[in-house]
Amino acid sequence: MRSYIIFLFLILGVLTVRAQRCDDKDFCDKDLYGEYDYRSQSNYAQVYTGDTVRVKVVVYSGQNYRIFTCAERRLKDVFFRVIYPEKRFKRAFKEIKKKQVPIYEKDKDGNFLYDENGDRIKTGTIFANDTVWGRDLVTSESVVYDSREAEEAYWEASIHKTRLIIIESIIPPFRKKRNGCIQIMVGRKYKNASQFRR
Amino acid sequence: MRFIISIVIVLFVFSACHRENGDKKAKEKLELTRDNSVGVDVKNSKVVYRVPTPIEFFMFYRGAGGAFNPEILLSPSTASNYLSTKNKAVAFGMYASDLAYSAVFAQNQQTISYFEASKVLAEDLGFTEGYGEELMQRFKSNLDNVDSLYHLSADSYWNVLNFLEDQDKTTLLSYITAAGWVESLYLAFNAKEVNTKSDLMSCLADQQYVIENLDAYLQEMHKNETDRDDIFLMVRKLNEYYAELYNNPDNVIMTRVQFDSIKSLVNRSRESLVKR
């Protein structure tokens with residue numbers, strides 16, 4: 001009887017641990033992978049229905065990328081979007097400061113006059129406005145791929161300029177809250193490298 | 001028999017509670033983060049930041065005309081000099097970067113040496129995946145196969161990343177990633193002369209996106225430590241230097257002055273990682 005109980009303990013222990021792992025599961029159709037290497041920025045996560053997961057990755061210029069997401073069937077119709085975030089700084093007005101400015105004596109041609117020490121001759125002061133400029137961060141986002149509208153189940157692109165991209169996976173809400181695993185696969189292929197093909 | 005049934009019921013209740021706690025923890029994590037981007041409703045979203053592995057970086061670097069320079073690598077014989085867990089993780093990150101650099105440039109002997117150095121630290125740090133004896137044997141039996149060594153190097157690092165994420169060892173993962181990234185930059189900035197307007201200069205300037213993601217990741221994962229921890233502060237400082245590139249006009253990638261100041265900071269940062 002004791003060995004039976006120990007066996008039960010072991011089975012339940014293994015089940016509990018397995019329930020928390022997502023990286024050792026594969027829910028993707030094998031055809032999606034192609035000749036890409038996914039061992040760098042891919043991500044595995046445990047999520048709930050109604051959640052949105054945004055993964056920010058860097059895509060390097062001169063490389064080809066293929067991105068897709070897959071999820072456990074119990075999470076229903078998970079879809080994803082690829083978003084280009086734009087970030088730039090804009091010159092922005094901050095404030096006007098009142099500043100006291102000295103007035104110096106000039107001759108009839110507009111040249112400064114100097115005293116015996118070589119310094120300009122101060123005749124008084126006036127108040128002037130000093131505009132202070134700063135920088136405002138302006139961010140925007142544009143969607144370049146939406147799996148609900150796309151012909152292919154993956155986003156594939158040849159990158160011309162290194163940039164950050166956002167992969168947004170949306171797990172639709174369900175009448176009963178459920179959790180499960182999703183895979184966000186980021187594959188890369190080197191345009192000019194015959195070596196190291198997976 | 002009744003006793004067994006009771007035990008089974010208790011075990012199921014325990015198992016369910018345990019899973020619910022895990023779920024609750026995961027849920028809390030999801031609700032912690034908010035994205036500040038403009039124009040998109042991202043309420044209740046979890047934001048995850050990913051950083052390219054050293055292998056991905058060095059493939060990009062090699063394609064941009066980068067070179068292999070064995071003189072600037074960290075000596076593999078110093079692996080045992082790092083004593084605390086934090087310093088071992090830092091050293092592991094640097095060796096993982098040296099391993100990737102050697103593998104991408106098909107330097108087989110160096111690749112084996114850095115795998116061995118990383119293995120010593122991986123064992124000390126308790127990584128049960130990625131640097132096992134089996135992989136070591138595969139490395140040794142593929143000494144002449146450049147392709148295999150590259151894939152084994154990529155596999156080992158990838159397995160460690162997944163193992164640490166799975167075990168929720170985010171602090172160790174952060175030190176490894178940050179130190180590995182500083183080492184990668186150090187090698188890339190110093191391996192050869194970099195001409196202005198070259199592809200290599202662009203490759204180094206492009207790392208501003210990586211440091212931006214890495215800094216955001218550290219701030220996200222270690223909210224209360226980013227102002228105190230020397231490694232996290234190092235990353236923040238590098239991010240500040242790199243952020244200056246946003247001021248450049250569209251046709252200027254990185255000026256010589258910006259290049260020199262970033263390189264100098266990278267070199268100082270790497271020195272402080274080595275002398276721990």
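**Working chat on a two-chain predicted model**

Colleague: To start with chain B, is Lys197(B) buried or exposed?

Modeller: Lys197(B) is exposed, because its relative accessible area is 76%. The cut-offs are over 50% for exposed and under 20% for buried, with partly exposed in between (1.4 Å probe, protein chains only).

Colleague: What should I know about the model and its numbering?

Modeller: This is a predicted model, in which local features need pLDDT of at least 70 and side-chain atom pairs count only at pLDDT 80 or more, while totals for chains, interfaces and linings use all residues. Residues are numbered from 1 along each chain as its sequence is written, chains are lettered from A and ligands numbered from 1 in the order in which they are written, and side-chain values use heavy atoms, with hydrogens and water left out.

Colleague: Where does Lys197(B) sit?

Modeller: Lys197(B) belongs to the loop between α7 (170–190) and α8 (199–205) of chain B. Helices (H or I, at least four residues) and strands (E, at least two) are DSSP runs, numbered from the N terminus. From Lys197(B) to Val274(B) there are 77 residues in sequence and 31 Å in space, C-alpha to C-alpha.

Colleague: And Thr53(B), is that buried or exposed?

Modeller: Thr53(B) is buried, since its relative accessible area is 4%. Thr53(B) lies in the loop between β1 (45–49) and α2 (54–63) of chain B.

Colleague: Which residues does Thr53(B) contact?

Modeller: With neighbours within four places in sequence left aside, Thr53(B) is in contact (heavy atoms within 4.5 Å) with Arg39(A) and Ser40(A), and also with Tyr157(B) and Leu161(B).

Colleague: Which elements supply the lining?

Modeller: Helices α2, α3 and α6 (146–166) of chain B each supply at least two residues of this lining. The largest share, three residues, comes from α3(B).

Colleague: Changing topic: how many aromatic pairs are found?

Modeller: Over all chains, the search finds 25 aromatic pairs. In one of them, the ring centres of Phe58(B) and Tyr61(B) are 6.0 Å apart and the planes stand at 80°, so the pair is edge-to-face. Rings of Phe, Tyr and Trp (its six-membered ring) pair if their centres lie within 6.5 Å; planes under 30 degrees apart count as stacked, over 60 as edge-to-face and the rest as tilted.

Colleague: Where do Phe58(B) and Tyr61(B) lie?

Modeller: Both lie in helix α2 of chain B, three residues apart, which is about one turn of the helix. Phe58(B) is buried at 0% relative accessibility, and Tyr61(B) is buried at 0% as well.

Colleague: What about Phe92(B) and Phe127(B)?

Modeller: Phe92(B) and Phe127(B) form an edge-to-face pair, with 5.3 Å from centre to centre and 85° between the planes. Phe92(B) lies in helix α3 (residues 85–104) and Phe127(B) in the loop between α4 (108–125) and α5 (133–141) of chain B, so the pair ties together parts that are 35 residues apart in sequence. Phe92(B) and Phe127(B) are both buried.

Colleague: Over to chain A. What is its secondary structure?

Modeller: Chain A has one helix and eight strands. Of its 198 residues, 42% count as buried.
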